[in-house]
Amino acid sequence: MKLPAFQFTCLNCDGTFIEPEVPEGSYGIFLLRSDSGERRSLDAGVDPVFDEIVPLVRAITGNQSNDRSFAALHHKAFSATCDPDKLQQRFILGAKPTCPKCDSTELSWKPFEDVPPTEVPEVEHQLWSQLSSAQKYGVIKNILTQTGT
Ligand SMILES: [Zn+2]
């Protein structure tokens with residue numbers, strides 16, 4: 001999927017850089033990043049695993065709501081279903097980039113139309129799709145009981 005360019009400004013060193021990002025108000029469209037800076041896109045409306053894990057997340061956490069608290073758990077769990085990047089690092093849904101100069105994650109960003117949209121490959125679930133139901137349950141339980149992202 002093509003995602004538009006945004007200009008990020010580092011609040012720590014004032015450096016600027018260009019990265020694709022999901023425009024505000026794009027319902028169901030997400031960008032995932034790994035620590036090494038690889039990107040994947042997600043159209044939650046067509047990705048079958050996004051819906052598949054909802055009952056697992058509800059069963060494991062007991063969260064039956066449809067509010068932000070559930071969305072946060074759902075998004076965290078989804079990261080565990082995506083094939084990792086080239087360095088075997090996990091993709092994190094909604095992760096922002098880090099400043100290439102100082103590694104800060106304190107950033108502001110705005111659309112930058114001077115740069116054309118970037119093609120961002122969609123997430124894949126090849127490893128996930130080979131797991132049994134019990135293994136899937138274990139993978140989701142494992143990530144949901146880890147602290148942080
Ligand atoms: Zn910086």
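The talk below goes through sheets, hairpins, helix contacts and single residues.

Modeller: Gladly. Keep in mind that this is a predicted model.

Colleague: Let me begin with the sheets. Which order do the strands β3, β2 and β7 take in their open sheet?

Modeller: Read a sheet by asking who pairs with whom. Here three strands form an open sheet in the order β3-β2-β7, and the pairing is antiparallel. β3 and β7 are the edge strands, since each pairs on one side only. From one strand to the next, the twist averages 30°.

Colleague: How many bridges join β2 and β3?

Modeller: Five bridges join strand β2, residues 5-10, to strand β3, residues 16-20, in the antiparallel sense. Phe8 has Phe17 in β3 as its bridge partner. Phe6 stands opposite Glu19 in β3.

Colleague: What lies between β2 and β3?

Modeller: Look at the link between the two strands. β2 and β3 make a hairpin, with five residues between them. In the turn, Asp14 has a positive phi of about 70°.

Colleague: How many bridges does β4 share with β5, and how many with β6?

Modeller: Take one neighbour at a time. Strand β4, residues 29-33, pairs with β5 over five bridges, in the antiparallel sense. With β6, β4 pairs over two bridges, also antiparallel. Leu32 stands opposite Leu93 in β6.

Colleague: Which residue takes a positive phi in the hairpin of β4 and β5?

Modeller: Gly37 does, with a phi near 95°. That hairpin has five residues between the strands.

Colleague: Is strand β5 mostly covered or mostly open?

Modeller: Go residue by residue and count the buried ones. β5 spans residues 39-43, and four of its five residues are buried. The strand is mostly covered.

Colleague: On to the helices. At what angle do α3 and α5 cross?

Modeller: For a helix pair, read the distance and the angle. The axes of α3 (residues 68-79) and α5 (residues 133-144) come within 9 Å and cross at roughly 120°. That angle makes α3 oblique to α5. The crossing is right-handed.

Colleague: Which residues of α3 and α5 meet?

Modeller: Now look at the side chains' positions. Leu73, Lys76, Ala77 and Ser79 in α3 meet Ile140, Ile143 and Leu144 in α5. By class, this contact has five nonpolar residues, one polar and one charged.

Colleague: How far apart are the axes of α2 and α5?

Modeller: Helix α2, residues 54-61, packs with α5 at about 55°, and the axes are 10 Å apart. So α2 is oblique to α5. This crossing is right-handed.

Colleague: Which residues make the contact of α2 with α5?

Modeller: Leu56, Val57, Ile60 and Thr61 belong to α2; they meet Lys136, Tyr137, Ile140, Lys141 and Leu144 in α5. The contact divides into six nonpolar residues, one polar and two charged.

Colleague: What does Ser108 contact, apart from its neighbours within four places in sequence?

Modeller: Ser108 is in contact with Thr9 and Leu11. Chain distance and space distance are separate things to read. Ser108 and Phe6 are 102 residues apart in sequence, and their C-alpha atoms are 9.9 Å apart.

Colleague: And where does Thr147 lie?

Modeller: Thr147 is in the segment after α5. Thr147 counts as exposed because it has 4 C-beta neighbours inside 10 Å. Ser133 is 14 residues away along the chain, and the C-alpha atoms of Thr147 and Ser133 are separated by 24 Å.

Key
Residues are numbered from 1 along each chain as its sequence is written. This is a predicted model: local features need pLDDT of at least 70, side-chain atom pairs count only at pLDDT 80 or more; totals for chains, interfaces and linings use all residues. A residue is buried if 20 or more other C-beta atoms lie within 10 Å of its own, exposed if 12 or fewer, and partly exposed in between; C-beta atoms are placed from the backbone. Two strands pair if DSSP finds at least two bridges between them. Axes are lines fitted to C-alpha atoms, for helices over the stretch in contact, and angles run from 0 to 180 degrees between N-to-C directions. Angles under 35 degrees count as roughly parallel, over 145 as roughly antiparallel, 65 to 115 as roughly perpendicular and the rest as oblique. A crossing is left-handed if the near helix is turned anticlockwise from the far one by less than a right angle, and right-handed if clockwise. Two residues are in contact if their C-beta atoms, placed from the backbone, lie within 7 Å. Ala, Val, Leu, Ile, Met, Phe, Trp, Tyr, Cys and Pro count as nonpolar, Asp, Glu, Lys and Arg as charged, and the others, Gly among them, as polar.
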